[in-house]
Amino acid sequence: MTSQPAPFVIGIDGPSGSGKSSVSRAVSIRLGAGYLDTGAMYRALTWWCRHTEVDLGDADAIIAAALGLPLEIGDDPQAPTVAVDGTDVAVAIRTSEISSLVSTVATVPEVRVEMQRRQRALIDDIAARHGACVAEGRDVTTVIAPDAQVRILLTASEEARLRRRSLEVHGATDDAAIAATRDQVVRRDRDDSTVSQFTEAAEGVTVVDTSDLDFEGSVAAVMDVVAAARAS
């Protein structure tokens, strides 16, 4: 009897606007892998805290919300779903309000411990069911899945990241749109960097700089790293 190949895990980390989510979904689709957006989990928790009127200045209350978070997250890269207590929040968690508040929730150390525990369990489950999992977000390459077969730090210049996020959020890249986006990108990265290392690659993590790459080029660069790992 032939043995089944071991589940294959690809972890992708990087700063805001580097293309983590869109590139990770495309790679998942091309590989036929399951997909996990770990950042969406923190956004969902932030939405839940707002929905249940948790005081975001009360760390203990946020921790309690994290421990009891009734989260369901889908693994289909073509239509990733996020629901909290039966409510579809996939759109709601992408609002500017949630974006501006998520670091307040995500930088509570005990919250990170709980979310990382859930994320490890989800990665194991998704990889077992699909044969492979592409997981993206903070800490994936270092804390959550340090033994993943592929670990990538997807990065880009601040200018490129601001331009991409501005186009995504505001549909424009003029000076006003970029200025409106700067807080979400620069401040959030600064806040998150107090509890997560995502600006420099850890040992064994491959850096893919997408500053001068278009979307297809970015996906191809990641696929090349995956192909090399599978061939080794």
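Here is a short walk through this predicted model, from its sheet to its helices.

Let's start with the sheet. Three strands make it up, lined up as S3-S4-S5, and it is an open sheet with antiparallel pairing. Strands of a sheet pair through backbone hydrogen bonds, in either a parallel or an antiparallel manner. Take S4, residues 82-84: two bridges tie this strand to S5, and the two run antiparallel. If you want a spot to look at, find Ala83, which stands opposite Asp88 in S5.

H2, covering residues 38-51, lies across S3, S4 and S5, and runs at about 30° to S4.

Next, the helix pair. H3 (residues 59-67) packs with H5 (residues 109-130) at an angle of about 10°, and their axes are 9 Å apart. Angles under 35 degrees count as roughly parallel, and H3 and H5 are therefore roughly parallel to each other. On the H3 side, the residues that meet H5 are Ile62, Ile63, Ala66 and Leu67, and they face Glu110, Val111, Glu114 and Arg118 in H5. By class, that contact has five nonpolar and three charged residues, with no polar ones.

Finally, follow H5 along its length. Its 22 residues reach 31 Å from the first C-alpha to the last, close to the 32 Å expected at 1.5 Å a residue. The buried residues in H5 include Val111, Glu114 and Arg118, and these three also take part in the contact with H3. Further buried positions in H5 include Ile123, Ile126 and Ala127. Just after the helix, Gly131 takes a positive phi of about 90°.

Technical notes. Residues are numbered from 1 along each chain as its sequence is written. This is a predicted model: local features need pLDDT of at least 70, side-chain atom pairs count only at pLDDT 80 or more; totals for chains, interfaces and linings use all residues. Side-chain values use heavy atoms; hydrogens and water are left out. Two strands pair if DSSP finds at least two bridges between them. Helices (H or I, at least four residues) and strands (E, at least two) are DSSP runs, numbered from the N terminus. Contact means heavy atoms within 4.5 Å. Axes are lines fitted to C-alpha atoms, for helices over the stretch in contact, and angles run from 0 to 180 degrees between N-to-C directions. Angles under 35 degrees count as roughly parallel, over 145 as roughly antiparallel, 65 to 115 as roughly perpendicular and the rest as oblique. Ala, Val, Leu, Ile, Met, Phe, Trp, Tyr, Cys and Pro count as nonpolar, Asp, Glu, Lys and Arg as charged, and the others, Gly among them, as polar. The expected span of a helix is 1.5 Å times one less than its number of residues. Buried means under 20% relative accessible area, exposed over 50%, partly exposed in between (1.4 Å probe, protein chains only).
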